[in-house]
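User: I have a structure here and would like to go through it with you, one question at a time. Could you help me read it?

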Amino acid sequence: MTETRDEIIRKSTKEDSYWRGVWRRLRANRMAMISLVILILIVLSCIVVPMLSRYETYEVIPGAANQKPSAQNWLGTDKIGRDLFVRLFYGGRISLGVAVAVTALECVIGVVLGSVAGYFGGIVDTIVMRISEIFMCFPFLMICITLQTIFGKSIRTLILILAVLSWPGIARIVRGQILSLREMDYMEACRALGISNRRQIFTHLFPNVLAYVIVYATMSMASVILTETSLSFLGLGVSPPTPTWGNLIQEARNLTILQNKWWYWIPPGTMIFLSILCFNILGDGLRDAIDPKMQK
Amino acid sequence: MTETNTNKPLLEVKHLKTYFHSRNSTVKAVDDVSFEVYQGETLGIVGESGCGKSITCMSIGRLVECPPGRYEGGEIILDGEEILSMPDAKLRDIRGNKLAYIFQEPMTSLNPVFKIGYQIEEVLMLHRGMNKEEAHQAAIQALDRVRIPNPERVVNDYPFALSGGMRQRVMIAMALACSPKLLVADEPTTALDVTIQAQVLDLMNELKKEIDTSILFITHDLSVIAEMADRVMVMYAGKVVELADVNTIFERPLHPYTRGLIESRPDMSTSGTRLNVIPGNVPDLSDLPEGCSFSPRCAFCCDKCRAGVPELVEVEPNHWVRCYRPGGEDLDN
Amino acid sequence: MTTDNNTLLEVRHLKKYFPIKGGVFQSTIGNVKAVDDVSFTVKRGEVLGLVGESGCGKSTTGRTVLNLIKPTSGEVLYNGVNIYDLSRSEMNKYRTKMQIVFQDPYSSLNPRLPIYEIIGEAMLEHHIVSNKEEMMNKVFDLMSKCGLFPEQAGRYPHQFSGGQRQRICIARALAVDPEFVVCDEAVSALDVSIQSQIINLLKELQEDMGLTYLFISHDLSVVKFISDSVAVMYLGEIVEMGSKDQIFNNFVHPYTEALLSAAPSFDPRKRNNANRIILQGDLPSPANPPAGCRFHTRCPFATERCAVEVPEIREIEPGHSVRCLYAEERAAKRAAQ
């Protein structure tokens, strides 16, 4: 008997667990898998390239301003002679780093407030939801400019501002999920069985919400990259000389460069395009893989 | 009371096969089903979830979504016309006109944004070529016919203003508005309460006498079948397993599945310590056993049953059974 | 109604009103009287069937009795103790004695957990078992008792059919060794051939383990089969209550009569029965029940008195209570027949 029991527990955690099913369905989705691979490659090269490159990010190569791509400078140099190849990937570190930080922060705020609203309901729910509505009404750019002038322009402020302005989305999703999960008979069964609140939340509610948070986070990565890019392009984001994909494009903001010096803006443009596209496709794929309707 | 008609049937379904294809499996939802419905009779189709009864009735009006569904073969002849090969325009003319449907969910079968009257008028204007005023009067009449109180007021109501039972009456009114030759009722009372179900069944029986429509009545509930049907067809795993008139089915069922269904029911008149049960689970259509689909749950199963699929045979006049050992032959001694 | 040793559960004047909110400030503008002054007792080891149509309050009664929904007023005495007076932790101890099985076997199981955890979690929680090893042994026991294969304990809910899921739900309810189980339409969502399997299982378990059931169902034939006594509900009130024989053979209330005659007969030769009562009209809204007798709007025997006077529920013979102004006359007429 002991043997079978151990076998059962081992098998159950191996074979048919929920997350295995999600992974199996995701693997069957070719587009999502390609996106995942591309994203992994982008992240890896952002980490590795600046470490291996013979140029430093801020290093000005003497007498090598405005060079076309060549064997020494694979993506050319900018107007004061910095290597654009290393700056592209270092910029990727900042852009992706900001996206990860903002998404993480936003999810923490959103999940906490959303679960509190959904689990306790009543007046708590009303208060949290009204606050989230107020946040959604803010004119984004104006708040951005105002806060940056008040708190000073830095990457940390930027992350905080973006996270604080975008948590209502995830909070609403989490709240909605919890409200519908609370109506499920298995939650009622938990109450009838006298399962502790802690176990109800962490074993029954949270894993069911987590899937949706992961999908949202993936999608949010894409939108944060885009927002950061637009802000940097407008000069409201990360301040130069720190490179980000947005800052790199910002440097190409004049007609002669756009027409004649493609290496200023095509590579960062491609990176932005690729990463956003991949995050979105991966997010869609995850949603399909997670959706219980696909499950029999 | 059910003298079998010798005249030409109104609906003939011959060797109908409706399959569902997905990437790695084929589900034979309806597998070689043949039956007839005669003028003025009610044929009941009974079976459990996934037995193919609903798909059979959807196939008759070509309502199965294709893909994933596909009509793999067979013929459906309604009033002399073959439906499966008919052009779409012709089919649209037949639906609602000669052939009408009532579904289980009166909530979702009515469009919530249009008034009740408009939804009935639309059908009449389309199929009967009535003008707005004629259609409006006809809609009031149709509602009156299904015993809806104050039809003049109800035509101007929206579906949400009505209760479930009333909505189902509206559905019946709409279905009967063009006096169809065949009414297909797919679990029309399953979503209703017992007392409301009694009202609706009573109404359907009265209307059937009034307008001489044939009814194809699909349900999982044997007692509703006992109440409504003239003849009964029992389906299991996409196949017809027994077909006979209603008294024969309830008094002398020959297929072990039909017997099991009838005996397992805690009927109003029986009371014992245990119910007779059919063991096992409702089969998964994508993973059917070899041989007779019912063999793993059958008390009379023998080697022959596990090896081959029995044919539907007429074991006595007008009593068809798909079983090698109808009535547990050779075992009852 | 006195509490003797035989009474396991006594419900006294239970009321549950759900407020209807409306207006700009979401103030209460009315009440849905889902359960309105319901009293009944369940004897130890017996099955009380609770029948009625949708919206009559039978499910709310079941959940309020288990303190899953807080009542508006009333008492539920379990072994003589009012469970609404208990503190949170004391109530938690009582949870092990009273369990529930739901209608929908699909939403009753958490799709993320393997079966052994679904069945076993409450055992650890209530220290019924001291370690995982003991828990697994008990899970295996329960699974085979409920007609499941213990080898499947590691599987997840989506790998089971509806009937098997319902068996899992039953095993989960029995995991804490309850005495009293509320079966809330526990077989209604199942296929006919599976329904009878589950009914047999419930009956078997009841006899083997000495369980007491509150069996809630809209299906009269199922209730007749499994129950020892029956209560009929209409619009939040019990209209008739008595032993199985009293309700099914000597019914007095016109609603009981209508319910019984509305259920389609299983015998095709009995159709077109002239004595059949078909109720007119729809169920009134429990937010705004009719004045007088709540059933008078649909009652085929209603008089003017019924629209004005509110009937009290009263015992017309030992163990048989009826809420009808004409209960005694109707009972006498029946006896004369």
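This is a predicted model: local features need pLDDT of at least 70, side-chain atom pairs count only at pLDDT 80 or more; totals for chains, interfaces and linings use all residues.

User: Thanks! What is the order of the strands in the open sheet of chain C?

Analyst: The open sheet has four strands, with antiparallel pairing. Strand 2 (27-43) and strand 5 (81-82) of chain C are the edge strands, each pairing on one side only. Read across the sheet in chain C, the order is 2-1-4-5.

User: Now the assembly. Which chains share the most contacts?

Analyst: Chain A and chain B can be set aside, since they do not touch and their nearest C-alpha atoms are 12 Å apart. Two pairs of chains are in contact. The pair that shares the most contacts is chains B and C.

User: Which helix of chain C gives the most to the side that touches chain B?

Analyst: This contact takes 35 residues from chain B and 34 residues from chain C. On chain C, the elements giving two or more residues are helix 5 (162-174), helix 6 (192-209), helix 7 (220-226) and helix 9 (254-262). With eight residues, the one that gives the most is helix 6 of chain C.

User: And how many nonpolar residues are on the side of chain C that touches chain A?

Analyst: Here 31 residues of chain C are in contact with 27 residues of chain A. Helix 2 (88-95), strand 6 (98-101) and helix 3 (115-125) of chain C each supply at least two residues to that side, and helix 3 of chain C gives the most, with four residues. By class, that side of chain C has eight charged residues and ten polar ones, and the nonpolar count is 13.

User: How far apart in space are C:Pro311 and C:Tyr326?

Analyst: In sequence, C:Pro311 and C:Tyr326 are 15 residues apart. In space, C-alpha to C-alpha, the distance between C:Pro311 and C:Tyr326 is 8.9 Å.

Definitions and conventions
Residues are numbered from 1 along each chain as its sequence is written. Chains are lettered from A and ligands numbered from 1 in the order in which they are written. Two residues are in contact if their C-beta atoms, placed from the backbone, lie within 7 Å. Ala, Val, Leu, Ile, Met, Phe, Trp, Tyr, Cys and Pro count as nonpolar, Asp, Glu, Lys and Arg as charged, and the others, Gly among them, as polar. Two strands pair if DSSP finds at least two bridges between them.
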